[in-house]
Amino acid sequence: MTQEPQEIDCQEVLNRLYEYLDGELTPVREAEVRTHLATCAPCMSVSNFERAYIHFLEARTRAHGAPESLKRRILEQILFEGDTSPTS
Amino acid sequence: MAQPSDDKRHAFEAEALPHLDSVYRVALRLAGNEAQAEDLTQETMLKAYRSWHQYRPGTNARAWLLTILRHTFINEYRKSRRAVAEIDVTAIEAFTIFGDIHDVDPEGSFFNQIVDDEILQAIDALPDEFRETLVLSDVEGLTYAEIAEVTEVPVGTVKSRLFRARQALQRTLYDYALEMGYITRREA
C-alpha cells in the first residue's frame, strides 16, 4: 500500500518532533513534518531548539570510556577463563 | 594448534570488546558511581563471555551486551544504588521550556554554559526507566527498536519515556541555568 503525504497541523508536528529529529519516521511521515516546518516559523523554532538540545546532550555525555585498567582486568579475566592450560 | 577456547576468545575480542566503552558508560549511569560501574562492567563482560555460545554472530552485539548489563544491574546492583532526589516526570506532557525562553534564547545557547558534571547529575536524578531510556538514546545513540529490545518494552513505551525524560531533564537544566544566572527569566 502506498501512502501519500498528508497535510498535518502544528500539534501533530510536535507529537512527532522527537521521532523526526531522531530519524525514526517513515519517509512519508518525515516528509509531512518537513513540509510543515518549511512554512511554519513557530514549529521550525521549536524544532531548532530541540535539535540543539539533543546535540548538546550527545556532545556532552559521550566523552568518557572505560578506564584502561578495567580493560586490562577484563582481558586478563577472559584469558584465564575456561582454559586452565597456559597459552603459548 | 588453535583450540576451541582460542576461537571463542578471538570472536569475543572482535565482536564484544569493541563495545566495552558503551557498556561502561551505561553502567556508570545505572550504578551511579565509578567503583560499582567497573564491577558491573566486569561482571557483564564475564557473563557475556561465558554465554557467548548464545550470541548469534552478526546480530547486534552491543544490544546483547547491554541487555546482560541491564539484567545484572537490576538483579544485583539496583538495591544498593544510592538514593538521589528524583526528578518528577509525571507532570511532563508537552514542550514547555521553549515557550518560556523563545524570546530570550531561542537557540538554547544557555545549555553550553552548563558544566558536564551538572548534566550527569541531572541525568542521574531521573527515575530508573527514564534514565536508562535517555542514556541508551542520547548517550549511546541506540535506535528506538534497539532500546525496546534492551529494556524489554514496546517501541511506543520507549517513545513516551524518551519524551518525558528529555523534557524533565531540560526543565531541570533550565532551572539550574536560571539559578546560576546563565539565563534570565522573561519579564511577564
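Helices here are DSSP runs of H or I with at least four residues, and strands are runs of E with at least two. By that count, chain A of this predicted model has four helices and zero strands.

**Chain A at a glance**
- Reading along the sequence of chain A gives the pattern α-α-α-α.
- Chain A has 88 residues, of which 17% count as buried.
- Among contacts in chain A with a separation of 6 or more, 56% are between residues 24 or more positions apart.

**Two helices that meet in chain A**
- Two packed helices are described by the angle between their axes and the distance between the axes.
- For helix H1 (residues 10–21) and helix H2 (residues 27–39) of chain A, the axes come within 10 Å and cross at roughly 115°.
- The crossing in which H1(A) passes H2(A) is left-handed.
- H1(A) brings A:Val13, A:Arg16 and A:Tyr20 to this meeting, while H2(A) brings A:Arg29, A:Glu30, A:Val33, A:His36 and A:Leu37.
- Sorted by class, the contact of H1(A) with H2(A) has four nonpolar, one polar and three charged residues.

**Where the chains touch**
- Chain B gives 31 residues to the contact, and chain A gives 28 residues.
- On the side of chain B that touches chain A, the elements that give two or more residues are helix H1 (4–15), helix H2 (20–31), helix H3 (34–50), helix H6 (116–124), helix H7 (128–139) and H9 of chain B.
- H3(B) supplies the largest share of that side, six residues.
- By class, the side of chain B that touches chain A has 16 nonpolar, six polar and nine charged residues.

**The nonpolar core**
- There are 55 residues in the largest nonpolar core, and B:Val23, B:Val26, B:Ala27, B:Leu65, B:Leu69, B:Leu126 and B:Leu134 are those with the most contacts inside it.
- Helix H9 (residues 155–180) of chain B provides the largest share of this core, nine residues.
- Setting aside neighbours within four places in sequence, B:Val26 is in contact with B:Leu66, B:Leu69, B:Val135, B:Leu136 and B:Glu140.

**A lysine in a loop**
- You will find B:Lys79 in the loop between helix H4 (61–77) and helix H5 (97–101) of chain B.
- B:Lys79 counts as exposed because it has 7 C-beta neighbours inside 10 Å, and the cut-off for exposed is 12 or fewer.
- From C-alpha to C-alpha, B:Lys79 and B:Asn112 are 34 Å apart in space, and they are 33 residues apart in sequence.

Definitions and conventions: Residues numbered from 1 in each chain as written. Chains lettered and ligands numbered in written order. Predicted model: local features only at pLDDT ≥ 70, side-chain atom pairs only at ≥ 80, totals over all residues. Core = buried A, V, L, I, M, F, W, Y, C linked by C-beta atoms within 7 Å. Buried ≥ 20, exposed ≤ 12 C-beta atoms within 10 Å, placed from the backbone. Contact = placed C-beta atoms within 7 Å. Axes fitted to C-alpha atoms, helices over the stretch in contact; angles between N-to-C directions. Left-handed = near helix turned anticlockwise from the far one by under 90°. Nonpolar A, V, L, I, M, F, W, Y, C, P; charged D, E, K, R; others polar.
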